[in-house]
Amino acid sequence: MKGLQCPKALFLNVYKPRLKTPFSAETKALMTDGRKFEATVREAFLPAIDVSKTLGPKFAAYAQFTKGCLAKEGDLTLFEAGLEHNKVLVLVDMLKRIGNCYELYEIKRSTQLTPSILNDAAMQYVVAKNVLQAPIQSFVILRVNEYDYQITDISQAVASLAPSITAEIEQQLQILAQGKEPLIATGPQCNSPYPCDFKNYCAGLLL
Ligand code: SF4
């Protein structure tokens, strides 16, 4: 998703992650709040296999571990399922298999369904469609208030975004294959939809 915000951020994230600005206290607090919200939602979907609990930061192993779980028969629920296709790894907040169909859930502490949430879900859908080769429905779980959340079916919106996201993935893979840092000046994209991790580097503060 970084590449949708800025191709240079994608490049830096892959080739020069050490240049990231450490998270601010405010960002850390938002992340903690997001994790708490996600944990609350997850409780309603137990029993489930939590891939992140098993593997922690070993992201390279997520897809293989998930494949092993999906090889078993029967309905199941996975938290942070890793799916990988065409060198793109996505982590799905919640993946459910019911019969021969799959459901993808994106869990966000936001109260609004934003374009970036839809793009995120569409990226997951594109990769999942290739990996799972089965009917897929997409859902987003958003916060209503401190105690409640609501589940919305976004399958249609996500499927209609799939062609442009597929084209975007191809473009991003080309940028990475070229191995050259894109020349992009700072601008509004540095804060939208999220504050970029590389703002200090691009502002010349790390030189
Ligand atoms: S700080 Fe701005 S220009 Fe630099 S990588 Fe991030 S989004 Fe791109």
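In this predicted model, two helices, α2 (7–15) and α8 (199–202), each contribute at least two residues to the shell around the ligand. The largest share comes from α2, with three residues. In total, 13 residues surround the ligand, and the closest are Cys6, Ala9, Cys190, Cys196 and Cys202. Sorted by class, the shell holds eight nonpolar, three polar and two charged residues.

The largest nonpolar core has 31 residues, and within this core Leu83, Val92, Ala122 and Ala128 touch the most other members. Two or more residues come from each of α5 (62–71), β2, β3 (88–98), β4 (101–108), α6 (115–132), β5 (136–143) and α7 (155–178). The biggest contributor is α6, which gives eight residues. Another core, of eight residues, lies apart from this one, and its members include Cys6, Phe11, Cys196 and Cys202. Of these, Cys6, Cys196 and Cys202 are also among the residues closest to the ligand.

Leaving out residues up to four places away in sequence, Val92 touches Ala81, Leu83, Leu104, Gln124 and Ala128. Two of these partners, Leu83 and Ala128, are themselves among the residues that touch the most other core members.

Strand β2 spans residues 76–85 and includes Phe79. Is Phe79 buried or exposed? Phe79 has 23 C-beta neighbours inside 10 Å, and the cut-off for a buried residue is 20 or more, so Phe79 counts as buried. With residues up to four places away in sequence again left out, Phe79 is in contact with Arg42, Ala48, Asp50, Val51, Ser52 and Met94. Thr66 lies 13 residues from Phe79 along the chain, and the C-alpha atoms of the two are separated by 9.8 Å.

Val158, Leu161 and Ile165 are buried residues of α7. An α-helix has 3.6 residues a turn, so residues three or four places apart point the same way. The buried residues of α7 pack against α6 and β5. After α7 comes Gly179, which has a positive phi, near 65°.

Methods
Residues numbered from 1 in each chain as written. Predicted model: local features only at pLDDT ≥ 70, side-chain atom pairs only at ≥ 80, totals over all residues. Near = placed C-beta within 6 Å. Helix = DSSP H or I, 4+ residues; strand = E, 2+ residues; numbered from the N terminus. Nonpolar A, V, L, I, M, F, W, Y, C, P; charged D, E, K, R; others polar. Buried ≥ 20, exposed ≤ 12 C-beta atoms within 10 Å, placed from the backbone. Contact = placed C-beta atoms within 7 Å. Core = buried A, V, L, I, M, F, W, Y, C linked by C-beta atoms within 7 Å.
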